[in-house]
Amino acid sequence: MQQARPRFKRKFSLRWRGRRWYDPNERKVLWSSLCFILVTALVRLLIVGDLLLYPTPLAAKIAPSRGLSGTAHDLSATGLNHVTASKEVCIFCHTPHDSPEGIKGSVPIWNHATTSQQFLVYSSPDLKGIIDAQPVGPSLACLSCHDGTLAMGAIHELPIGGGQDDYSQATGGVNTTTGLMEGTGRIGRNLSSVHPISIAYRDDLDKSLRPPSELQGVHLYPSNVRGAKVQCGSCHDPHNFGIKGSTAPFLRVTKEGSTLCLSCHLM
Ligand code: HEC
Ligand code: HEC
Ligand code: HEC
Ligand code: HEC
């Protein structure tokens, strides 16, 4: 016959195959609570799915938001490239009403004149994805200011109070008379020296590309699926300058340690 144990000893003890996981009487409190934290963390990871995904060396290091105000893309009275006395910021790219045809469809309520230049596109015998004969959609939006052929104030709907073409106080790269981009921001029409854009993302043909489901931070157009396109906005977010004082402007992912490049490329 077994001796009955004193009741108090069993009071807080949790047993599994004879092992005690939590037993204040044996001073295992610290050890068992560590086990508890570890087990719950593993369970949570499994539920969220992190453990089941392909291992990636990246934490999604999305540049902390600094927004649009006060940046090079703020052409309002308070912005770096002050071209209007108005405080409206979005108006140089979007309008809530009467958006002209332009590049509707791919850029929401677009309000800037759209470039009609012919570009020299990137070409290389190694490219697997098909590159468009001319850049399309969201990249055309960027090039409408960055090719240097259209004035910043070449917009459809005007800001309240007008003055969208007063460039006398423009700073940096914007010409104070013509309102054309002339500084380092001017990409021009030669895209052969820019990372390929308007190109289909074919991770099935180019095995050094991550599967689209793994992409973090970067963005394919219209969405992160095979065959969707890399555009300027895949690497840049025109609304978020990113880290203050950084030399990497409007990036979706930091370029530190080539994190941006490794977001898509596996090498
Ligand atoms: C310098 C040009 C520019 C300015 C200024 C700008 N946008 Fe945009 N915006 C774009 C472009 C280009 C796109 C198209 C998609 C892309 O590339 O992300 C876009 C897309 C959007 C979208 C669709 C969602 C998305 O992120 O793709 C929203 C919403 C938006 N803009 C809101 C705003 C608001 C609000 C402002 C003013 C605070 C603003 N934008 C100012 C260029 C601009
Ligand atoms: C309405 C005109 C306009 C449009 C549209 C526009 N930009 Fe800009 N962008 C500017 C101006 C002005 C500057 C400042 C150029 C300078 O000072 O040299 C600038 C600067 C930049 C810079 C450099 C910022 C810096 O501080 O060095 C990047 C990157 C950039 N734009 C990316 C984009 C991308 C990507 C798009 C499209 C999604 C876009 N821009 C659309 C006007 C525009
Ligand atoms: C593959 C990613 C990627 C794509 C696609 C891309 N950029 Fe950039 N861009 C960058 C990086 C990274 C920098 C920062 C370069 C540096 O700091 O030396 C940059 C810098 C810039 C600058 C600042 C001036 C300069 O030349 O350094 C502008 C303006 C710019 N990009 C506009 C564009 C436009 C417009 C497009 C589309 C035609 C585009 N970018 C496509 C990654 C990209
Ligand atoms: C949004 C995804 C994406 C990002 C971010 C990205 N790339 Fe790419 N890159 C591509 C795609 C797609 C191709 C075309 C691959 C193909 O079809 O062969 C490409 C092609 C290239 C090529 C080969 C060009 C050729 O002639 O064969 C090089 C080199 C390259 N990228 C370098 C970079 C560098 C450097 C960065 C970081 C600044 C970068 N990429 C960021 C998607 C990306």
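Reply: Let's start at S198, which you'll find in the loop between α3 and β3. Keep in mind as you look that this is a predicted model. Is S198 buried or exposed? Its relative accessibility is 1%, and buried means under 20%, so S198 counts as buried. Now check its backbone: phi of S198 is near 55°, which is a positive value in a residue other than glycine.

You'll find F250 in the loop between α4 and α5. With 8% relative accessibility, F250 counts as buried.

While we're on the backbone, go to the step from Y221 to P222. The peptide bond there is cis, with omega near 0°. P222 sits in the loop between β3 (199–200) and β4 (229–230).

How many residues surround ligand 4? There are 19, and the closest are G129, H195, C261, C264 and H265. Three of these names come up again when you look at individual atoms. G129 uses its backbone: one of its N or O atoms there lies 2.6 Å from an oxygen atom of ligand 4. H195 uses its side chain, where an N or O atom is 2.8 Å from a nitrogen atom of ligand 4. H265 also brings in a side-chain N or O atom, and that one is 2.8 Å from a nitrogen atom of ligand 4. The elements that give two or more residues to this shell are α4 (232–235) and α5 (259–262). As for the kinds of residue around ligand 4, the shell divides into 11 nonpolar, 5 polar and 3 charged.

Next up is ligand 2, which has 23 residues around it. H73, C142, C145, H146 and G173 are the closest of them. The shell around ligand 2 splits into 16 nonpolar and 7 polar residues, with no charged ones. Which element gives the most to this shell? That's α3, with 4 residues.

Zoom in on the iron atom of ligand 2. Its protein donors are H73 and H146, each through its NE2 atom, lying 1.9 to 2.0 Å from the iron. These two come from distant parts of the chain, 73 residues apart: H73 is in the loop between α2 (29–48) and α3 (137–146), while H146 is in helix α3 itself. So why is the arrangement around this iron called octahedral? There are 6 donor atoms around the iron atom of ligand 2, and the angles they subtend run from 87 to 179°, which makes the arrangement octahedral. For comparison, the ideal angles for six octahedral donors are 90 or 180 degrees.

An N or O atom in the side chain of H73 is 2.8 Å from a nitrogen atom of ligand 2. For H146, a polar side-chain atom lies 2.8 Å from a nitrogen atom of the ligand. H73 has a relative accessible area of 32%, so it is partly exposed. H146, at 23% relative accessibility, counts as partly exposed too.

Ligand 3 also has an iron atom, and here a single donor comes from the protein: H236, through NE2, 2.0 Å away. H236 lies in the loop between α4 and α5.

One last stop is Q117, in the loop between α2 and α3. At 24% relative accessibility, Q117 counts as partly exposed. Leaving aside its neighbours within four places in sequence, Q117 is in contact with Q134, D147, T149 and R189. With R189, there's a polar contact from side chain to side chain, at 3.2 Å.

Technical notes: Residues are numbered from 1 along each chain as its sequence is written. Chains are lettered from A and ligands numbered from 1 in the order in which they are written. This is a predicted model: local features need pLDDT of at least 70, side-chain atom pairs count only at pLDDT 80 or more; totals for chains, interfaces and linings use all residues. Side-chain values use heavy atoms; hydrogens and water are left out. Donors are N, O and S atoms within 2.8 Å of the metal (3.2 Å for Na, K and Ca); water is not among the atoms, so sites may look incomplete. Four donors count as tetrahedral if all angles lie between 85 and 135 degrees; four count as square planar and six as octahedral if opposite donors are over 155 degrees apart and all others between 65 and 115; anything else is irregular. Buried means under 20% relative accessible area, exposed over 50%, partly exposed in between (1.4 Å probe, protein chains only). A residue is near a molecule or strand if one of its heavy atoms lies within 4 Å of it. A polar contact is a pair of N or O atoms within 3.5 Å; within protein, one must be able to donate a hydrogen and the other to accept it, and residues adjacent in sequence count only if both atoms are side-chain atoms. Ala, Val, Leu, Ile, Met, Phe, Trp, Tyr, Cys and Pro count as nonpolar, Asp, Glu, Lys and Arg as charged, and the others, Gly among them, as polar. Contact means heavy atoms within 4.5 Å.
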